[in-house]
Amino acid sequence: MIDYLWLLIALPFLGAATLILFGKRIGEPASGWLASALVAIPFVIAAILTVPFLDAAEPETVFLFEWIPMVGANASLLWDPLSALMTLIVTGVGSLIHLYSVGYMHGDERYPRFFGYMNLFIGSMLTLVLADNFGLMFVGWELVGLSSYLLISFWFTKPSAAAAGKKAFIVNRIGDWGFLVGLMLIFAAFGTLDFGVVFGEAHGLLSVGMATAITLLLFVGATGKSAQIPLYIWLPDAMEGPTPVSALIHAATMVTAGVYMIARSAALFELAPVTLAIVASVGAATALLAATIAIGQRDIKRVLAYSTISQLGYMVMAVGITAFTAGIFHLMTHAFFKALLFLGAGSVIHAMSNEQDMWKMGGLRKYMRVTFVTMAFGWLAISGLFPLAGFWSKDEILGAAFAKGGFFLILWLVGIVTALITAFYMTRLMILTFFGEKRWDEDAHPHESPWTMTVPLIVLAALSAGAGLLNTPVRLALEHFLEPSFEGIHQVHPPGGFTLWGLALASLVVVVIGIAIAYHRYGRGTLPTEEGGYWAAALDGYGVDAFYGAVIVAPGRAIATWLAMFFDLTVVDGAVNGLGSAVRSFGSTLRVLQTGWVRSYAAGIVAGSLGVVLWLLWQGGAF
Amino acid sequence: MTVTVAWYMVFAAVLFSMGAAGVLLRRNALVMFMSIELMLNSVNLTFVAAGSEMGLIEGQVAALFVMVVAAAEVTVGLAILVAVFRRRSTANVDTLSELKG
């Protein structure tokens with residue numbers, strides 16, 4: 001059965017090729033169903049292949065073919081509990097999002113093309129996740145960047161969508177640079193990119209300085225893909241794509257890549273305490289910063305975008321404090337409730353005829369029962385209310401931060417404050433959207449979405465509610481499941497006993513306070529005006545975009561302009577034109593020799609022959 | 001006074017120089033051809049003389065080759081000459097300078 005592992009990657013790629021080349025002939029509903037099936041089948045295969053791990057089966061490597069054997073980068077797949085879990089998340093949530101898109105993208109001009117790109121995205125992510133060496137992982141890493149670009153700018157006739165796609169791609173390229181240089185250092189240190197060798201020999205071979213350099217560069221890559229400070233700016237703009245794309249990027253694919261990569265490279269990161277401290281601090285800072293920005297957003301999707309950045313901050317913080325299982329656990333639960341929230345938001349936007357401003361919604365719970373109830377699960381799960389998924393995974397991270405102690409207590413505090421803010425802004429989103437008076441025009445007729453859209457919502461709501469039970473302090477199922485992947489890694493665990501209950505209670509209290517403040521502010525009739533001062537700053541994302549624009553984009557543009565208008569025109573063109581005119585003038589000097597008289601040519605031949613004869617005689621010593 | 005191989009060589013050199021002078025100085029294409037033939041045959045003479053002096057058959061073989069090439073060259077050359085003469089009513093090569101650069 002393990003021999004069919006390659007199908008996991010091949011099927012989505014096959015779908016992508018088919019739909020991009022022949023999509024027009026396959027037509028509207030058929031191409032959507034085809035694409036969904038080509039993600040659902042890998043999910044089933046992956047589920048079957050995962051079963052042996054429940055009985056603590058050994059991880060397996062499947063060698064497909066040689067690619068660049070010299071650097072240890074072959075087309076060879078690693079099937080261990082970590083990659084199995086990631087595959088299940090990617091294909092499981094991915095197929096639900098595909099199913100949802102069948103309804104959501106109805107009537108789009110380039111419907112088959114959309115599903116082609118979606119399949120490409122899934123295939124790329126699976127390549128990244130299943131690779132057993134950094135080389136193949138990098139291929140997946142880049143393909144993910146490409147497909148996100150294609151999907152974010154899917155409606156490229158809108159200038160803002162085209163710009164958002166470019167922004168995502170360029171910002172990711174900056175991260176890719178770090179990742180690539182990191183890979184070069186790994187190759188320099190180990191002579192191979194193979195996971196087995198690199199992680200196996202890291203402990204004896206790597207000096208602390210080298211480990212720090214490698215892991216910091218890898219982390220630069222992670223900040224790009226997983227949207228951490230300072231490279232998070234592409235994610236809010238990625239909202240320009242169709243909503244299922246946002247769900248796919250934020251939940252199942254792309255942003256989880258960085259966290260996965262760090263967890264996969266745990267053996268390297270473990271050797272670099274400085275990097276770990278930086279990773280954890282950046283994660284915590286991102287979590288807090290993004291949460292405070294999310295408060296001020298008016299666009300329902302942008303609230304969710306900043307909340308994704310904030311939640312990714314938690315995951316990065318978790319892997320930074322070497323609580324890798326907790327990070328992956330939160331990655332999983334977040335995939336469920338964030339996909340749910342995005343698909344729910346998409347359902348709302350769909351119903352409101354593409355209105356995204358929450359201030360023009362309100363009272364929708366009466367019109368969209370299913371969407372409302374399922375989104376409520378997502379809301380409570382991300383807020384971290386007992387016993388939903390977010391509560392367990394977030395508390396495991398916070399508990400680990402607390403258990404690590406010292407400097408990390410500050411991070412724990414940041415995490416708790418972020419939890420409060422998260423509960424606040426999510427409640428704000430729910431109240432503004434579903435409760436209170438309706439604030440939309442009479443001609444918008446909100447309605448419940450078709451079954452292809454509500455079924456994924458219901459499934460994801462169930463998962464958001466129940467997935468937390470996979471790894472509770474009482475029963476550490478996920479922890480045991482992932483053990484073979486983190487063999488020999490010293491992980492930090494949440495404290496036990498009374499401290500644990502105290503921490504859980506503290507975070508619960510904080511969540512309830514957050515919800516209560518939001519209810520007090522938005523839930524009682526008149527809404528507060530949120531203009532000027534802090535609100536304007538938060539709505540603008542604290543002007544980070546403008547800052548990057550002034551500090552990085554503007555100088556870059558100036559250099560490019562100088563290169564194009566001066567350097568290219570005078571130096572490059574000058575060299576080419578100069579060469580041309582030199583040849584031309586040389587030719588016009590020589591043309592006088594071309595008299596057209598046969599006898600002058602004959603004279604030339606005779607003179608030349610005489611010259612040769614004389615030279616031969618001279619060489620022979622005749623004179 | 002015996003006729004040594006040097007006599008043949010000197011004679012051939014004189015013939016060759018006459019031919020070369022003809023090619024360079026005469027303007028009539030037909031005469032130029034005849035001069036070229038003169039040059040070729042003076043070379044043939046050196047081949048044959050040297051071959052007989054050294055007792056080698058290759059000298060005569062080379063002469064035969066030169067004759068074949070000369071025959072071919074004359075065929076093509078005279079055809080061109082006839083074509084040019086029909087068109088221009090002259091065989092003066094100095095008027096044929098259209099390819100001047």
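This is a predicted model: local features need pLDDT of at least 70, side-chain atom pairs count only at pLDDT 80 or more; totals for chains, interfaces and linings use all residues.
Chain A comes first. Its C-alpha trace spans about 115 × 65 × 50 Å along the principal axes, and the chain holds 24 helices and 4 strands. Of the 623 residues in chain A, 52% are buried. Counting contacts with a separation of 6 or more, 82% are made by residues 24 or more positions apart.

Two of the strands sit one after the other as a hairpin. Strand β1(A), residues 60-68, pairs with strand β2(A), residues 73-79, in the antiparallel sense, and 6 bridges hold the count. One pairing to look for is A:F63, whose bridge partner in β2(A) is A:S76. The hairpin leaves 4 residues between the strands, and in that turn A:G72 has a positive phi of about 70°.

Helix packing in chain A can be followed with α2(A), residues 28-54, and α4(A), residues 111-130, which pack at an angle of about 10° with their axes 8 Å apart. Angles under 35 degrees count as roughly parallel, and α2(A) and α4(A) are therefore roughly parallel to each other. On the α2(A) side the contact is made by A:E28, A:S31, A:G32, A:A35, A:L38 and A:V39, while α4(A) brings A:Y111, A:P112, A:F115, A:M118, A:N119 and A:I122. Sorted by class, the contact between α2(A) and α4(A) has 8 nonpolar, 3 polar and 1 charged residues.

Between the chains, 10 residues of chain A are in contact with 11 residues of chain B. The side of chain A that touches chain B has 5 nonpolar, 3 polar and 2 charged residues.

Over in chain B, helix α3(B) runs through residues 58-88. Its 31 residues should span 45 Å at 1.5 Å a residue, and the end C-alpha atoms are 44 Å apart, which agrees. The helix is hardly covered: the count of buried residues among its 31 is 0. Just after α3(B), B:S89 takes a positive phi of about 55°.

Technical notes. Residues are numbered from 1 along each chain as its sequence is written. Chains are lettered from A and ligands numbered from 1 in the order in which they are written. The expected span of a helix is 1.5 Å times one less than its number of residues. A residue is buried if 20 or more other C-beta atoms lie within 10 Å of its own, exposed if 12 or fewer, and partly exposed in between; C-beta atoms are placed from the backbone. Axes are lines fitted to C-alpha atoms, for helices over the stretch in contact, and angles run from 0 to 180 degrees between N-to-C directions. Angles under 35 degrees count as roughly parallel, over 145 as roughly antiparallel, 65 to 115 as roughly perpendicular and the rest as oblique. Two residues are in contact if their C-beta atoms, placed from the backbone, lie within 7 Å. Ala, Val, Leu, Ile, Met, Phe, Trp, Tyr, Cys and Pro count as nonpolar, Asp, Glu, Lys and Arg as charged, and the others, Gly among them, as polar. Two strands pair if DSSP finds at least two bridges between them.
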